[in-house]
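Please prepare a short briefing on the strand pairing and helix packing of the protein shown here.

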Amino acid sequence: HYSFGRTHPQAVRERRGIMTQTQTKQYSYRVSDAEQTRELGEELARHLRAGDLIMLRGGLGAGKTTFTQGIGRGLQVRGTVASPTFIVARVHPSLVGGPDLIHADAYRICDLDDLETLDLDSTIDQAVTVVEWGEGKTEAMSDARLEIEVRRASGGEAARDGDVVDLESMDDGQRIITFTPYSHRWDGVFDDLAPQLRVSVE
């Protein structure tokens with residue numbers, strides 16, 4: 001059972017006080033289209049377990065939700081993974097007895113009070129949690145998180161017309177996806193993760 005309410009008002013602040021941030025290496029991959037982006041997410045999902053926090057960042061239309069669709073496919077969860085913008089957080093239950101997927105959007109989160117309203121802290125140990133737009137906001141939830149940046153290989157941003165985002169014909173679909181793991185939780189995960197797509201390790 002998941003509840004996204006203000007049930008633990010001090011949880012995030014308490015965790016912030018005990019965090020230890022240990023960045024290991026960065027691993028970058030080049031994908032050629034949306035399906036390859038999903039496949040990389042699907043391959044990562046084979047290494048995920050309940051309690052993992054994934055923080056995704058990237059420009060509008062970069063492919064954050066597309067990557068999360070691959071994670072959902074790999075975890076074999078129920079429902080279509082779509083942008084959580086208008087509902088803030090969506091739960092996708094596992095169909096195979098594995099961890100559920102919580103897909104959240106922190107774009108409108110402005111401070112810790114807003115973050116506590118989501119109450120993700122109380123559910124993080126029960127599921128794989130993927131948060132878009134969480135940089136500078138959700139790091140305190142876990143000191144063993146995985147940060148992922150999705151960016152266009154050719155640069156650029158999606159065009160906007162008022163509230164409408166135009167993603168058609170804006171690029172060739174190529175993306176650079178960079179993983180930044182924190183803590184030794186992720187040791188060994190990238191040793192054999194899609195070596196044919198890897199472009200660098202730093």
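In this predicted model, Asp-100 has Ala-127 of β5 as its bridge partner. Strand β4, residues 100-105, runs parallel to β5, residues 127-132, and the two are joined over 6 bridges.

**Sheet**
- The open sheet holds 8 strands, ordered β3-β4-β5-β2-β6-β9-β1-β10, and its pairing is mixed.
- At the edges are β3 (89-92) and β10 (198-201), each of which pairs on one side only.
- From one strand to the next, the twist averages 20 degrees.

**Helix α2**
- Helix α2 (residues 34-45) has 12 residues, so at 1.5 Å a residue it should span 16 Å; the end C-alpha atoms lie 17 Å apart, which agrees.
- The buried residues in α2 are Thr-37, Leu-40, Gly-41, Leu-44 and Ala-45.
- These residues lie on the same side of α2 because they cover an arc of only 145 degrees around the axis.
- Packing against the buried residues of α2 are β1 (27-31), α3, β6 (146-152) and β9 (175-181).
- Where α2 starts, the backbone nitrogen of Glu-35 has a side-chain oxygen of Asp-33 within 3.3 Å.

**Thr-66 in helix α3**
- Helix α3 spans residues 64-75 and includes Thr-66.
- Thr-66 has a relative accessibility of 18% and therefore counts as buried, the cut-off being under 20%.
- Leaving aside residues up to four places away in sequence, Thr-66 touches Ala-34, Thr-37 and Arg-38.

Note on methods:
Residues numbered from 1 in each chain as written. Predicted model: local features only at pLDDT ≥ 70, side-chain atom pairs only at ≥ 80, totals over all residues. Heavy atoms only, no water. Pairing = 2+ DSSP bridges. Helix = DSSP H or I, 4+ residues; strand = E, 2+ residues; numbered from the N terminus. Axes fitted to C-alpha atoms, helices over the stretch in contact; angles between N-to-C directions. Buried < 20%, exposed > 50% of the residue type's maximum accessible area, 1.4 Å probe, protein only. Contact = heavy atoms within 4.5 Å. Expected span 1.5 Å × (residues − 1). Arc of directions from axis to C-beta. Polar contact = N/O pair within 3.5 Å; in protein donor to acceptor, adjacent residues only side chain to side chain.
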